[in-house]
Amino acid sequence: MLGIRLALSGLVLAASLSAHAQVKIGVVSSATGPTALVGIPQKNTVALLPAKIGDLNVEYIALDDASDPTASVTAVKKLISEQNVDAIIGPSGSPNAMGVIQFVADAGVPLLAPVGTAAVVTPMDDKKKWVFKTTQNDDIIATALVEHMVRKGVKTVGFIGVGDPYGENWYKVFSALADKNGMKIVANERFQRQDASVTGQSLKILGAAPDAVLVAAAGGPAVLPHTTLVEQGYKGQIYQTHGAALPDFLKLGGKKVEGTVLAASLMLVLPEIADNHPSKKIAADYIAAYEKAHGTKPATFGANVFDAGLLLQQAIPAAAKVAKPGTKEFRAALRDSLEQTRELVGTQGIYNMSATDHSGFDERGRVLIAVRDGGWTLAK
């Protein structure tokens, strides 16, 4: 199938080639294709995941889906049927993750999804109970953005998002909060992740003359609507979601994204975070380890995979008391154990899972950030 390749680099599998591995974890990332800016730091983080948990060795089997949702399904099926994995981390993209839920549920394999859309875990049902999300839910991020808009006197907003589950769920969440706070959405546009132009959509937004614009996209695609609006003369405030929280947003956007406001992980502004924040040390340790391995700072998307490893590190020993890895009983016990996560400190925030909440973040999992002088800083 197009785009499916084993990630064979020594870095990715350095900690995972044990001949006597007792737990198998599949990892599906979009290391190539339109979502590569999200998937590359996720693939690179695999080498930093725990090679041993308790008395059990862990093998990570990494696949690249090339940003293709169909390839994600094929990769997940391969991991389940050929590798008999105990859990899967991934895929990178929201539509990719939505497309594999049926298959992990049918097989009874826990999925730790490092994606933006809350739709992978809400509303909870018999299929989504097998999915756990390692990013902030849209409502936590959207609430911070709307609060900032209210403080700045924003009354009208233009919305442009990707035409997939990420953009659609963002519109659903944001529009409800905007209405609740007396703001009117005067333009509502969509584009595809692979689009090379959004001129038409941008002109419609400009014609509506909103006080502010919210762009809802993840990775590189978050840049295009933003820079297009600026090039066409838009002077209002532009907001981004946590999907834009990566170094390449600054690099690709340059001066055109100056002044952007978004809510995202504390990792982006770690030096400004109080030393007593529970996530600061573990985030700093992750960044240092990633830099040592790859010579560059990681995007927060890589940290979402690292946090998946932390969740498994806590949950696997409890599941191993119930059944042996490689069995359906172990996978079911692992799912139950993940659901019992309480006050687990990760790089992105604090996880508290329950039967109805498979993301587990609260306000400790985000900060309000602005782009100033080509870098990230806490927003005022």
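Helices (H or I, at least four residues) and strands (E, at least two) are DSSP runs, numbered from the N terminus. Over residues 22–359 the chain is 42% helix and 17% strand, and the end C-alpha atoms are 27 Å apart. An unreviewed UniProt entry annotates residues 22–359 as "domain: Leucine-binding protein"; such annotations may be inferred rather than shown by experiment.

The model is predicted: local features need pLDDT of at least 70 and side-chain atom pairs count only at pLDDT 80 or more, while totals for chains, interfaces and linings use all residues. Residues are numbered from 1 along each chain as its sequence is written, and side-chain values use heavy atoms, without hydrogens and water.

A salt bridge is a side-chain nitrogen of Lys or Arg within 4 Å of a carboxyl oxygen of Asp or Glu. The count comes to 12 salt bridges.

| Pair | N to O distance |
|---|---|
| Glu-82 and Lys-78 | 3.2 Å |
| Arg-190 and Glu-168 | 2.8 Å |
| Asp-164 and Arg-193 | 2.5 Å |

Asp-164 lies in the loop between β8 and α6 and Arg-193 in the loop between β9 and α7, so the pair ties together parts 29 residues apart in sequence. Both Asp-164 and Arg-193 are buried (under 20% relative accessible area, 1.4 Å probe, protein chains only; exposed is over 50%, partly exposed in between). Glu-82, at 53% relative accessibility, is exposed.

Asp-307, in helix α11 (residues 300–320), is buried yet has no salt bridge. The nearest side chain of opposite charge, Lys-133, is 11 Å away (Lys and Arg count as positive, Asp and Glu as negative; His and the chain ends are not counted).
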